[in-house]
Amino acid sequence: MQYALLIYGEEPTEEVPEDAMAAEMDAYSAFTDHIRGRDAYKGGEALLPTSAATTVRVRDGKTLTTDGPFAETKEQLGGFYLVEAADIDEAIAFAAMIPGAAHGSIEVRPVFDWAAAMAGAQPDGATEAVGAG
């Protein structure tokens, strides 16, 4: 089953020292190499800061945009991995290896299996169908 490992953390309010940034990037590279070596890596990206985000809503047929993220929280979504894992326990183990888990949080969310749903099977972890994506 596929899982999205959503990486949340506080955005820096000041310049991060170059050596600290290099160490963090080395740790992320090592984690990515680890899950690639296990054939678990399906994708992933870092995201630009929330200052570059735009939130989109459609109300009464009109598209409304707002600068920044929708949620006003301390922790912001900074990136994600998409992994293939045998079960939630393996996905949690992968999440615990992500460097950002040491100073932020990692949300582990099963990916809805549309192929299984279309074939009539109830995907693991799903209790009801969600809107088409």
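The model is predicted, so local features need pLDDT of at least 70 and side-chain atom pairs count only at pLDDT 80 or more, while totals for chains, interfaces and linings use all residues. Residues are numbered from 1 along each chain as its sequence is written, and side-chain values use heavy atoms, with hydrogens and water left out.

## The overall fold

Let us start with the chain as a whole. Its secondary structure comes to 3 helices and 6 strands. Here helices (H or I, at least four residues) and strands (E, at least two) are DSSP runs, numbered from the N terminus.

How much of the chain is buried? Of its 133 residues, 24% count as buried. The scale behind that word is the relative accessible area: buried means under 20%, exposed over 50%, and partly exposed in between (1.4 Å probe, protein chains only).

Among contacts between residues at least 6 apart in sequence, 70% join residues at least 24 apart.

## The nonpolar core

A nonpolar core is a set of buried Ala, Val, Leu, Ile, Met, Phe, Trp, Tyr and Cys residues joined through side-chain atoms within 4.5 Å. The largest one here has 15 residues, and those touching the most other members are Leu5, Ile35, Tyr81, Val83, Phe94 and Ile98. At least two residues of this core come from each of β1, α1, β5 and α2 (88-97).

Next, find Ala85, in the loop between β5 and α2. Is Ala85 buried or exposed? Ala85 counts as buried because its relative accessibility is 4%. Beyond residues up to four places away in sequence, Ala85 touches Met1, Tyr3, Glu90, Ala91 and Phe94.

## The largest pocket

A pocket is found on a 1 Å grid over the protein atoms alone: a cavity is a set of points where a 1.4 Å probe fits but cannot get out, whereas a pocket is an open set with protein on both sides within 12 Å along at least five of seven lines, and lining residues have an atom within 4 Å of a point. Grid points are joined across faces, edges and corners, and a volume is the space filled by probe spheres set on the points.

The largest pocket has a volume of about 840 Å³. Its lining has 28 residues, of which Ile7, Glu24, Met25, Tyr28 and Gly78 are the closest to its centre. Two or more lining residues come from each of β1 (2-10), α1 (18-37), β2 (41-46) and β5 (75-84). By class, the lining has 16 nonpolar, 8 polar and 4 charged residues; Ala, Val, Leu, Ile, Met, Phe, Trp, Tyr, Cys and Pro count as nonpolar, Asp, Glu, Lys and Arg as charged, and the others, Gly among them, as polar.

Glu24 lies in helix α1 and is partly exposed, with a relative accessible area of 23%. Which residues does Glu24 contact, leaving aside neighbours within four places in sequence? They are Pro99, Gly100 and His103.

## Polar contacts

A polar contact is a pair of N or O atoms within 3.5 Å; within protein, one must be able to donate a hydrogen and the other to accept it, and residues adjacent in sequence count only if both atoms are side-chain atoms. Here are three to find.

| Partners | Distance |
|---|---|
| Glu24 side chain and His103 side chain | 3.0 Å |
| Tyr8 side chain and Glu107 side chain | 3.4 Å |

Tyr8 sits in strand β1 and is partly exposed at 23% relative accessible area. Asp87 belongs to the loop between β5 and α2.

## Two loop residues with positive phi

Asp39, in the loop between α1 and β2, has a phi near 55°, a positive value in a residue other than glycine. Asp39 counts as exposed because its relative accessibility is 62%.

Asp60 is in the loop between β3 (54-59) and β4 (62-67), and its phi is also positive, near 50°. With 80% relative accessibility, Asp60 counts as exposed.

Conventions: Contact means heavy atoms within 4.5 Å.
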